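Subject: Structure handover

Hello,

Please find the structure below. My notes on it follow.

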Amino acid sequence: MEIVGSKHQTEIGIVLELGWSIGTVTLVGVVWFLQSWFWLQLVISLAFIPFAFALGILSESPRWLQTRGKTGKLKKLLTKAAAVNGRDVQEDFKNLDLQKENEERHTATLFEVLKMTKMRKRLFNMIYQWMVSGFLYYAFSYNITDLAGDKYLNFLISGLVEFPAYALVFWSIKRWGRRPTLVSLMLVEGASFVAILCVPV
């Protein structure tokens, strides 16, 4: 997210979440093929091995490098990014108030953030939203196999419905912004789970 300009952060943020949905849909096929929790656990564990090599491929966050005063690495990274995009940033370096290599720079601690009224409200607001969304999402996901019908098909459908959901979120954010989208979808989410209580078992 941090290596992408603010103009495209919304799109990239949503695209990153698609990996979760693709994994959910793919998992159905893997489970159906293996039919064994042991081999399933082994396959899932081994699938993370390639990510160990990502350390040598992925670049560090430019913002993190700047806040840590790692000027040399920051210039090298920005020069490389500019070359890929066909731009020259050498002149821009002259206008940047960059810190010297490995120069210590004060960063706010959690306690300092809590002293700021606006930041404190935002922090607890986001914590509450993530907790509610996380609990509801996983409560539904973990119990999807308890629904009537084929458990593989139910789990597959639960993964597929996320794709149009992301498309809706993308369109809504572009049209109305993040706050109206978040509030409206949270209300729909809450109403949907309340409606489930009215469904006869």
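Here is what was found, starting with how to read the values.

This is a predicted model, in which local features need pLDDT of at least 70 and side-chain atom pairs count only at pLDDT 80 or more, while totals for chains, interfaces and linings use all residues. Residues are numbered from 1 along each chain as its sequence is written, and side-chain values use heavy atoms, with hydrogens and water left out.

Threonine 24 sits in helix α1, residues 9-34 (helices are DSSP runs of H or I, at least four residues; strands are runs of E, at least two; both are numbered from the N terminus). Threonine 24 is buried, at 13% relative accessible area (buried is under 20%, exposed over 50%, partly exposed in between; 1.4 Å probe, protein chains only). A polar atom of its side chain lies 3.0 Å from the backbone oxygen of tryptophan 20. Beyond neighbours within four places in sequence, threonine 24 contacts Phe155 and Gly159 (contact means heavy atoms within 4.5 Å).

Phenylalanine 38 belongs to helix α2, residues 37-46, and is partly exposed, with a relative accessible area of 45%.

The UniProt record, an unreviewed entry, places "transmembrane region" at residues 12-32, 38-58, 123-140, 152-173 and 180-199; such annotations may be inferred rather than shown by experiment. In the model, residues 38-58 are 43% helix and 0% strand, with end C-alpha atoms 32 Å apart. Residues 152-173 are 95% helix and 0% strand, and their end C-alpha atoms lie 32 Å apart.

Regards

Notes
Polar contact = N/O pair within 3.5 Å; in protein donor to acceptor, adjacent residues only side chain to side chain.
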